[in-house]
Amino acid sequence: MQYRKLGRTGLKVSPLCLGTMNFAWKTDEPDSRAIMNRALELGINFFDTADVYGWGGQKGDTERFIGRWWKDDVRKRDDVILATKVYHALPETHWEPNRGTPGLSARKIVRHCEDSLRRLQTDYIDLYQMHHVDRACPWDEIWEALETLIRQGKVIYVGSSNFAAWDIATANQVASRRHLTGLVSEQSLYNLDVRMIELELVPCCRHYGVGIIPWSPLAGGLLGGVLSGDGVRRHDPNLRKKIDAKRPQLEKWEKLCAHLGHRPADVALAWLLHNPVVTAPIIGPRTLQQLEQSLTALEIRLAPETLAQLDAIFPGPGGEAPAAYAW
Ligand SMILES: NC(=O)c1ccc[n+]([C@@H]2O[C@H](COP(=O)([O-])OP(=O)(O)OC[C@H]3O[C@@H](n4cnc5c(N)ncnc54)[C@H](OP(=O)(O)O)[C@@H]3O)[C@@H](O)[C@H]2O)c1
């Protein structure tokens, strides 16, 4: 496994990040444990979760799964670079305007971090990410709360998720004024089917040394060979609608992958890994087999003509702003 630096930091992480959103939702606790154990065995040391995951059951359950998993073996905690998130409301926080609602007030950040540490049964978070931007809260307030957590040793790095490019620029300018490291990573929706971030966010992250960790690298399963294979999410009515709407495009995609001799999921991950601003796609395996198969992506090199064929099937915005639309 060739480890990569997370953005401009000195932190080395695996080129695939294990997403845990399926845990406590589509994947039960024993299977989730098996996936985490196997990920570590395979050299995947970067795990992503969120305080709110556990959608299908109790929000917070995914962090609880992780906490129970490494409780009996502290080496596991040491081996994992753990990323979690703050922003959403959680049922276990009783309703109150500063805590039980979505947002990033200083009070909310500090209290929710304590809740995550309790559920995760750990005393630190490697990468604490803002799940969404809160434009109603001043950046100085947000950074003050995060700086407090860093000084207390509860948080090591700070990242963002679902930010616009100008949010990252603003956040990092304020952080720099406060002599802080600022954002080191951005978790965005990015895959062959959804390429909007190439316009503004990709150049912004390159400029600031912010590592992109794409979420839904298979577009929620759409790029995982949906026309031929089977799965759980692909029976979801929303995904079925997308499959019907994109069938001609997906037929070309799966045909190209068959011609290349690779599984569609592996090609989709390999395409993301070709972008130097991408640190690690966040894979969302539902099963052990899907996890193990994902490793193949690390061995795939896509030739320039293949990249051009992929651009023809999934055109994207046509480059970076303003050149993509102005000249
Ligand atoms: N920051 C955010 O707002 C945000 C939002 C969403 C997700 N995330 C993070 O990103 C992670 C990944 O997102 P995602 O779960 O949507 O990712 P995804 O990889 O786009 O979709 C996962 C689905 O793809 C299929 N799949 C996974 N591995 C496969 C393989 N090797 N071959 C074929 N099919 C495969 C499975 O579908 P079937 O069940 O049909 O087999 C699986 O449920 C999450 O776990 C979470 O950590 C973050």
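The model is predicted, so local features are described only at pLDDT of at least 70 and side-chain atom pairs only at pLDDT 80 or more, while totals for chains, interfaces and linings use all residues. Residues are numbered from 1 along each chain as its sequence is written.

**View 1. The shell around the ligand.** Let's start with the ligand, which 31 residues surround; a residue counts as near if its C-beta atom, placed from the backbone, lies within 6 Å. The closest are Gly-19, Met-21, Gly-224, Gly-231 and Gly-284. By class, the shell has 10 nonpolar, 17 polar and four charged residues. Here Ala, Val, Leu, Ile, Met, Phe, Trp, Tyr, Cys and Pro are nonpolar, Asp, Glu, Lys and Arg are charged, and the others, Gly among them, are polar. β10 (282-283) and α11 (288-294) each supply at least two residues of this shell, and the largest share, three residues, comes from α11. Helices (H or I, at least four residues) and strands (E, at least two) are DSSP runs, numbered from the N terminus.

**View 2. Strand β7 and its two partners.** Look for β7 at residues 155-161, where six of the seven residues are buried, meaning that 20 or more other C-beta atoms lie within 10 Å of a residue's own C-beta, placed from the backbone. Five bridges join β7 to the parallel strand β6 (residues 125-130), with Ile-125 partnered by Val-155. Strands pair if DSSP finds at least two bridges between them. From β6, the chain passes through helix α5 (residues 139-151) to β7 in a right-handed β-α-β crossover: with the strands pointing away from you, the path from the first strand over the helix to the second runs clockwise. Four bridges join β7 to strand β8 (residues 183-187), also in parallel, and Ser-161 stands opposite Gln-187.

**View 3. The buried side of helix α2.** In α2 (residues 61-71), the buried residues are Thr-62, Glu-63, Phe-65, Ile-66, Trp-69 and Trp-70. They lie on the same side of α2 because they cover an arc of only 155° around the axis, taken from the directions from the helix axis to the C-beta atoms. Their packing partners are α1 (29-42), α3 (74-79), β5 (81-86) and α4 (106-120).

**View 4. Gly-209 beside Gly-7.** Find Gly-209 in the loop between α7 (201-208) and β9 (211-212). Gly-7 is 202 residues away in sequence, yet their C-alpha atoms are 5.2 Å apart.

Technical notes:
A residue is buried if 20 or more other C-beta atoms lie within 10 Å of its own, exposed if 12 or fewer, and partly exposed in between; C-beta atoms are placed from the backbone. Two residues are in contact if their C-beta atoms, placed from the backbone, lie within 7 Å.
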